[in-house]
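Look at the structure below with helix packing in mind.

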Amino acid sequence: MVGLARSLRENGHMVHIHSNEVRADLRAEPGLAFHRLGLLRPAKNASLWWNSAGIEADAVMAFGRCRGHDVLRAGGGAHAAWQQVCRPRWGLDPSEWVERFVDRDTARNAKVVITPSQRAGDDLARCYGLAPARLRVIHNGVDAERFRPGPGGEGLVFLGSGFARKGLAVAIEVAATLGRPLTVLGSDRGLARWQARHPDVRFVGAVPDPENWLGRYDALLLPTVYEPFGNVCLEAMACGTPAITTSVNGVSEVLPLDFIADGVDAMVASTEGALAGGAAHRVWCRELAVAMPRSKAYQAVERVLLQERR
């Protein structure tokens, strides 16, 4: 959101940001006006939805579950689709009914819904009945200046939080099959259990500077079971590190087919192929990522906002 706001400001737009929290380094930026939304912590998403109505502007873009917006950026796809895959017994949790209703209402009340992948758009259409004409697919970009090429050589890496959904068990099996060391970056409520079960895996925890880690490894493994668009894959590619992921990951729409693998055997084969490419393959990965800058995505979003002005 911050990058988009800066891009809009640089193109001559006055940008108002309504949020519960504002980073201290952004408050004094010229051309950005901040307005605090009061939220109740026990029901943060529901109170955001309730308090966001009535914002006046030429065009209002929502990044969360809101009301009164013209454009929604549904970066997480449809919550209902996530429930089906990751919480099959969601119906037993009353809070999940609220989340589902608010998410559906937010999507249905937008004139246009921007999704990071066609897969995410298909989920919104299937789960919430959105007409395809209201959906715009704008793939995320990557900051190639921040994520720079690295030398590789330190084995395989997995980066993500929520290890079960991100497919860590498969990544561990792939690494063991290949006889390669695996480093895990990210957090999980059951981190201690994962560490106890897999003493040969290096667990680092969450890292604030992934750009200083991804380039050190020979390949990224992300065998996720639900992912509207895995930004980390593009970030790894920008570092020259091949990103091997599943077909349910929305980023698979922009990655080479050789990097898409479902199941342990297929992921082993794809990883072996990526590793065999050597230094030339790393240069190629970097070139693919550089061709998808964030600025391109920001410009596409700006065009949608201008089209949907009130």
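This is a predicted model: local features need pLDDT of at least 70, side-chain atom pairs count only at pLDDT 80 or more; totals for chains, interfaces and linings use all residues.

Residues are numbered from 1 along each chain as its sequence is written, and side-chain values use heavy atoms, without hydrogens or water.

Helices (H or I, at least four residues) and strands (E, at least two) are DSSP runs, numbered from the N terminus. Axes are lines fitted to C-alpha atoms, for helices over the stretch in contact, with angles from 0 to 180 degrees between N-to-C directions. The axes of α3 (residues 79-86) and α5 (residues 118-128) come within 8 Å and cross at roughly 90 degrees. Therefore α3 is roughly perpendicular to α5 (65 to 115 degrees; under 35 is roughly parallel, over 145 roughly antiparallel, the rest oblique). On the α3 side, H79, A80, A81 and Q84 meet D123, R126, C127 and Y128 of α5, where contact means heavy atoms within 4.5 Å.

Helix α9 (residues 231-238) is mostly covered, with seven of its eight residues buried, that is, under 20% relative accessible area with a 1.4 Å probe, protein chains only. These are V232, C233, L234, E235, A236, M237 and A238. Their cover includes β7 (156-159), β10 (219-222), β11 (243-245) and α11 (278-290).

With α11, α9 packs at about 125 degrees, the axes 7 Å apart, so α9 is oblique to α11. L234, M237 and A238 of α9 and C285, R286, L288 and A289 of α11 make the contact. After α9 comes G240, with a positive phi near 85 degrees.

How values were computed
Buried means under 20% relative accessible area, exposed over 50%, partly exposed in between (1.4 Å probe, protein chains only).
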